[in-house]
Amino acid sequence: MSGEQPSEEVAPGSATTGSGRAAGRIVVVTGGARGIGRAIVDRFAAEGATVVIGDLTDPGPVGAGLDVAGHREWVPLDVTDEISVLEFAQSVAAGHGGVDVLVNNAGIMDTRSIADETVADWDLTMAVNLRGPFLMAKHLVPLMDGRDDPAIVNIGSIEGLGANTLHSSYAASKAGVHGLTRALAVELGPAGIRCNAVAPGWIDTELNRGYVDKHPNREQAVADLAALHPVGRIGDAADVAATVLWLADPDAGFVTGQVVTVDGGRMSRLSIPASLSDD
Ligand code: NDP
């Protein structure tokens, strides 16, 4: 990560002046530059936290215009690279003295048939989606020592519970994230560290926008997608952020090892042929 310098949006020191549900908490969010991660960053900052964004690239003025009680900064991070994770952990330790919340959000999605998928494709998906959360936990858990109700929240997926076609490595990696979540909850529980996962459904971000954009009738595609959801809409990144905030909060102090599905009820609806549907 040589040559890249951490950036700060708000001067250090403002962190302690914040108010809100996460005031005074030091929160690390991987992949926090955009999409769901960015919404998580903005929500924690709005709730008074000091948020360290670990991402490959500088997100610039994250959440510009947001009424921020807390503090946000970017530290370069490649979650696949143990040296990068170690340097990131050292930077957070030097700058903030510890970590209260780790959100493992960085992820990529590989869409290929099993015939076309190469070993390199498979390994890259696994490296970002599964090795990343493992390395982050390995090197940031020591920074949670002595903190009040430290928590890890992993971003899994409904594709860790079911699968779309052409998503073998993605679905396998997300099922792995759910397994890692339970294992960390069991191993770290005695140290007072909780670990849960959020399994988002269809959330409107760049990760999946391409599917909709390539459709000749985009509006129809969005309407068809919304109709899959009992709540009648697809998800917003803020829906995930709200659940992450709760899981990281002491209010969820007796909740660990869980995978919380945030999908507007999509996974709860059993499929039925249109010819037999009463809708
Ligand atoms: P985006 O593609 O919008 O954002 C992913 C972020 O992760 C980017 O900022 C990206 O940085 C960063 N990132 C990628 N690789 C690395 C790496 N090696 N090290 C550090 N950061 C990295 O994705 P979403 O916001 O949609 O997804 C966020 C998480 O939510 C993922 O884990 C995804 O699998 C999961 N999810 C998303 C769903 C959806 O519908 N969107 C549904 C279910 C789960 P850069 O821009 O520099 O590449």
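This is a predicted model: local features need pLDDT of at least 70, side-chain atom pairs count only at pLDDT 80 or more; totals for chains, interfaces and linings use all residues.

Colleague: At what angle do α5 and α6 pack, then?

Modeller: Helix α5, residues 206-213, packs against helix α6, residues 218-227, at about 120 degrees, and their axes are 9 Å apart. Because of that angle, α5 is oblique to α6.

Colleague: Which residues make the contact?

Modeller: From α5, R209, V212 and D213 take part, and they meet R218, A221, V222 and L225 of α6. By class, the contact residues comprise four nonpolar, three charged and no polar ones.

Colleague: Now the ligand. How many residues surround it?

Modeller: The ligand is surrounded by 28 residues, and the closest are R34, N105, Y170, T205 and N208.

Colleague: What about polar side-chain atoms and the ligand oxygens?

Modeller: N208 places a polar side-chain atom 2.7 Å from a ligand oxygen atom. For Y170, an N or O atom of the side chain is 2.6 Å from an oxygen atom of the ligand. T57 has a polar side-chain atom 3.0 Å from a ligand oxygen atom.

Colleague: How much of the ligand does the protein bury?

Modeller: Alone, the ligand exposes 900 Å², of which the protein buries 91%.

Technical notes: Residues are numbered from 1 along each chain as its sequence is written. Side-chain values use heavy atoms; hydrogens and water are left out. Axes are lines fitted to C-alpha atoms, for helices over the stretch in contact, and angles run from 0 to 180 degrees between N-to-C directions. Helices (H or I, at least four residues) and strands (E, at least two) are DSSP runs, numbered from the N terminus. Angles under 35 degrees count as roughly parallel, over 145 as roughly antiparallel, 65 to 115 as roughly perpendicular and the rest as oblique. Contact means heavy atoms within 4.5 Å. Ala, Val, Leu, Ile, Met, Phe, Trp, Tyr, Cys and Pro count as nonpolar, Asp, Glu, Lys and Arg as charged, and the others, Gly among them, as polar. A residue is near a molecule or strand if one of its heavy atoms lies within 4 Å of it. A polar contact is a pair of N or O atoms within 3.5 Å; within protein, one must be able to donate a hydrogen and the other to accept it, and residues adjacent in sequence count only if both atoms are side-chain atoms. Accessible areas come from the Shrake-Rupley method with a 1.4 Å probe; for residues, only the protein chains shown count as cover.
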